[in-house]
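Try each task before reading its solution.

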Amino acid sequence: MSKVLTEHEAKNLLAKYGIPVTKGQIAATADEALAIALQLGTPVAMKISSPDISHKSDVGGVVLNVGREDVRATYNEIISIIKKAVPNANIEGILVQQMAPPGHETIVGLKKDAQFGHALMFGLGGIFVEVYKDVSFRVVPIDKSDALDMIAEIKGYPILKGIRGRKPADIEAIARVLMSVSDLAEKENIIELDINPLIVSESGAVAVDARAMVE
Amino acid sequence: MLSSIFEPASIAVIGASNNETKWGGRILKNILSGFKGKVYPVNPNEKEVQGVVSYSSVADIPDDVEMAVIAIPSQLVLPVAEECGKKGVRGIVVVSAGFSETGSAGAELEQKLVSIVRKYGMRMIGPNTLGIVNEPVNLNATVIGRLPSPGTISFITQSGTLGLAIAEWTIDMGLGLCKVISTGNKADTDDVDLIEYLDNDPATGVIAMYAEGIKRGRKFLEAARRTKKPIIAIKTGRSKRGAKAVFSHTGSIAGSDEVYSAAFRQAGILRADTIDEVFDAALAFSCQPLPKGNNVAIISNGGGASIVATDECEKQGMNIADLSDETKEKIKRVIPGFGSASNPVDTAGTSSYTAYSESIKALLLDENVDALIAIYVHTLMSDAIPPAEAVVEIKRKCPKPVIACWMGGAGTEKGVDILKSGCLPNYSVPERAVKALAALIRHREFLVTVKTRGGSYE
């Protein structure tokens with residue numbers, strides 16, 4: 001039997017393996033949402049949390065850059081949108097989360113493979129993965145040289161190295177995430193996993209959204 | 001032990017026939033035509049098959065039998081395998097079809113066959129194999145018409161008929177083969193066992209593979225990574241995409257083919273796109289050393305061919321070497337003034353022994369050059385022999401790899417024969433020559449990267 005993890009659950013799993021994730025908590029009421037937002041520091045990202053909704057933004061379940069004065073209203077707004085859009089969805093609440101730091105959008109993923117165990121994928125996020133499929137693969141487990149190779153292998157690598165005066169992204173931090181995901185693949189029963197995006201800045205990489213299907 | 005299958009002292013052919021259009025007839029004929037050990041036909045209805053005393057069962061053979069080829073209907077295979085086990089046969093090659101390839105009933109039969117094989121500690125190739133060839137002991141237990149020329153390339157093929165057709169084709173090309181192994185259903189012996197066996201086989205220098213699917217994926221990667229011998233594989237089914245409606249981005253992009261490519265690279269397996277590429281590379285591996293780096297020199301008597309070669313080198317990530325001034329001076333002395341002494345070297349139509357010999361000597365002595373591609377373009381005014389003699393002569397004294405490309409068909413044959421006799425791999429077009437050299441370079445990179453890396457898939 002397979003089970004889909006919510007973003008919150010998926011991120012807790014990532015955190016267990018030392019992968020930095022944007023902090024957040026699930027609020028069950030508008031007041032709770034505000035309390036969490038104040039604790040995290042505003043602005044925040046607010047996302048619907050439901051085991052029945054995995055493409056949250058497609059149904060209007062994500063609002064970014066919410067200031068402290070708007071948190072409560074946004075809570076109620078998202079809930080009412082979702083109730084209309086997905087009437088039968090079981091709603092756990094709203095995930096109130098730190099906003100992602102600025103940086104490069106990348107994607108890290110896992111897929112269980114019948115022949116070789118798990119395949120690990122890395123690529124630039126957004127249109128790079130959607131349209132160009134500019135990604136690299138390895139079978140897990142990988143070591144650091146594999147991780148660095150798979151980062152350098154994508155066509156968009158120069159973007160990460162810094163073009164037109166932009167500072168280079170933290171390649172080492174991506175490599176650490178890739179190795180941690182490899183470790184996770186070996187120990188957990190993952191069918192599929194996306195960290196999308198993994199935002200990579202000049203120093204550090206953080207998982208901003210994650211989806212997972214486990215056995 | 002797989003050696004009992006490839007180097008047996010004696011062979012029983014069960015299902016032996018006088019009719020050479022039958023499997024048991026053709027395989028027996030092929031075994032008898034070369035194999036020096038004892039051969040025992042088994043056929044309950046004949047006293048003699050193809051002039052050799054026949055027995056009604058394996059049990060009736062008075063001497064020890066090390067290997068048995070089984071070519072009888074599938075429903076009769078189990079009791080015969082049992083008899084082989086009792087007789088002390090060490091390995092069986094089950095040509096019979098009608099096992100897991102046919103469905104669940106066949107799969108059950110196959111499982112029972114494997115149990116018998118394991119119970120007696122035998123090894124098995126197949127079922128549903130088209131047999132094996134081991135050239136060093138003149139063993140042809142297949143329906144291939146003749147033994148290949150001796151060589152160091154061992155070929156593992158999952159497809160039976162295509163594999164045999166390819167084997168026949170390589171024989172036509174004069175490619176030296178060591179072993180041809182049709183794996184069939186891989187019920188007992190699979191790719192992992194074969195890679196490990198060939199790794200330890202002193203007669204095998206290069207492993208060529210035609211694979212449709214791999215069993216025991218991680219063990220396979222481990223075995224492939226352990227061997228220092230080059231493995232060149234064509235894995236078919238590339239067009240199969242990952243399922244469309246899947247849960248994650250990763251799932252939608254990671255089709256099985258992408259994963260195969262990644263896995264092969266991690267294990268240091270050279271993945272070829274075409275059958276030609278597999279054997280072009282295998283030929284180069286079988287007779288040339290590995291280059292120390294990826295700096296290539298090109299010489300040609302025609303500019304066009306060397307441009308094609310240069311373009312392909314760049315596409316393959318190879319570097320067109322910068323020649324030293326000394327090298328250029330030496331070349332200038334033997335080519336016409338309007339030729340090019342820079343890389344790619346253009347002898348401007350000249351294909352004299354001296355022009356090729358002195359230029360090639362200079363190029364191979366240049367420490368900026370790791371490998372050489374020698375091209376000759378045939379015209380009615382030129383002779384393919386002197387440049388071929390020059391290449392062979394110089395190559396004999398040099399540890400750097402040299403790849404030849406004698407273009408032009410009719411009129412080049414004698415030159416090509418000279419190249420062959422000098423063990424120089426020759427290709428009909430520059431792209432093929434360059435790709436073969438690229439395989440040598442990539443394998444060398446594998447040896448210093450993935451093949452030395454720690455970590456285990458087990």
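Before we start, one definition: axes are lines fitted to C-alpha atoms, for helices over the stretch in contact, and angles run from 0 to 180 degrees between N-to-C directions. Please keep in mind that this is a predicted model.

**Exercise 1. The open sheet of chain A**

Task: Work out which strands of chain A make up the open sheet of four strands, and in what order.

Solution: 
- Step 1. Reading across the open sheet, the order is E2-E5-E3-E4 of chain A, and the pairing is antiparallel.
- Step 2. Now look at the edges. Strand E2 (24-27) and strand E4 (62-66) of chain A each have a single partner strand, so one side of each is left without a neighbour in the sheet.
- Step 3. On average, neighbouring strands of this sheet are turned by 25° against each other, direction ignored.
- Step 4. Within the sheet, strand E3 (residues 44-49) and strand E5 (residues 93-98) of chain A run antiparallel and are joined by six bridges. To find your place, look for Lys47(A), which stands opposite Leu95(A) in E5(A).

**Exercise 2. Helices on the sheet**

Task: Find how helix H1 and helix H2 of chain A are placed on these strands.

Solution: 
- Step 1. Helix H1 (residues 7-16) of chain A packs on the sheet and touches E2, E3 and E5 of chain A. The direction of H1 makes about 115° with that of E3(A).
- Step 2. Helix H2 (residues 30-40) of chain A lies across E2, E3 and E5 of chain A. Against E5(A), helix H2 runs at about 10°.

**Exercise 3. Where chain A meets chain B**

Task: Describe the side of chain A that touches chain B.

Solution: 
- Step 1. Start with the counts: 26 residues of chain A are in contact with 21 residues of chain B.
- Step 2. Next, find the elements. Those giving two or more residues to this side of chain A include strand E6 (104-113), strand E7 (117-124) and helix H5 (144-153) of chain A. The most comes from E6(A), with five residues.
- Step 3. Sort the residues by class: this side of chain A has twelve nonpolar, five polar and nine charged residues.
- Step 4. The domain assignment divides chain A into domain 1 (23-98) and domain 2 (104-214), whose C-alpha centres lie 27 Å apart.

**Exercise 4. Strand E10 of chain B**

Task: Is strand E10 of chain B largely enclosed or open, and which strands are joined to E10(B)?

Solution: 
- Step 1. Seven of the nine residues of strand E10 (residues 149-157) of chain B are buried, so E10(B) is largely enclosed by the rest of the structure.
- Step 2. E10(B) runs parallel to strand E11 (residues 176-182) of chain B, with seven bridges between them. Here Ser154(B) stands opposite Lys179(B).
- Step 3. Between E10(B) and E11(B) the chain passes through helix H5 (residues 160-173) of chain B, in a right-handed β-α-β crossover.
- Step 4. E10(B) is also parallel to strand E12 (residues 206-211) of chain B, through five bridges, and Ile153(B) stands opposite Val206(B) in E12(B).

**Exercise 5. Domains of chain B**

Task: Describe how domain 1 of chain B touches domain 2 of chain B.

Solution: 
- Step 1. The assignment for chain B gives domain 1 (3-128), domain 2 (149-286) and domain 3 (289-444).
- Step 2. 14 residues of domain 1 of chain B are in contact with eight residues of domain 2 of chain B.
- Step 3. On the domain 1 side, helix H4 (104-119) and strand E7 (123-125) of chain B give two or more residues, and the largest share, four residues, is from H4(B).

Note on methods. Residues are numbered from 1 along each chain as its sequence is written. Chains are lettered from A and ligands numbered from 1 in the order in which they are written. This is a predicted model: local features need pLDDT of at least 70, side-chain atom pairs count only at pLDDT 80 or more; totals for chains, interfaces and linings use all residues. Domain bounds come from an automatic or database domain assignment. Two residues are in contact if their C-beta atoms, placed from the backbone, lie within 7 Å. Ala, Val, Leu, Ile, Met, Phe, Trp, Tyr, Cys and Pro count as nonpolar, Asp, Glu, Lys and Arg as charged, and the others, Gly among them, as polar. A residue is buried if 20 or more other C-beta atoms lie within 10 Å of its own, exposed if 12 or fewer, and partly exposed in between; C-beta atoms are placed from the backbone. Two strands pair if DSSP finds at least two bridges between them. A crossover is right-handed if, with the strands pointing away from the viewer, the path from the first strand over the helix to the second runs clockwise.
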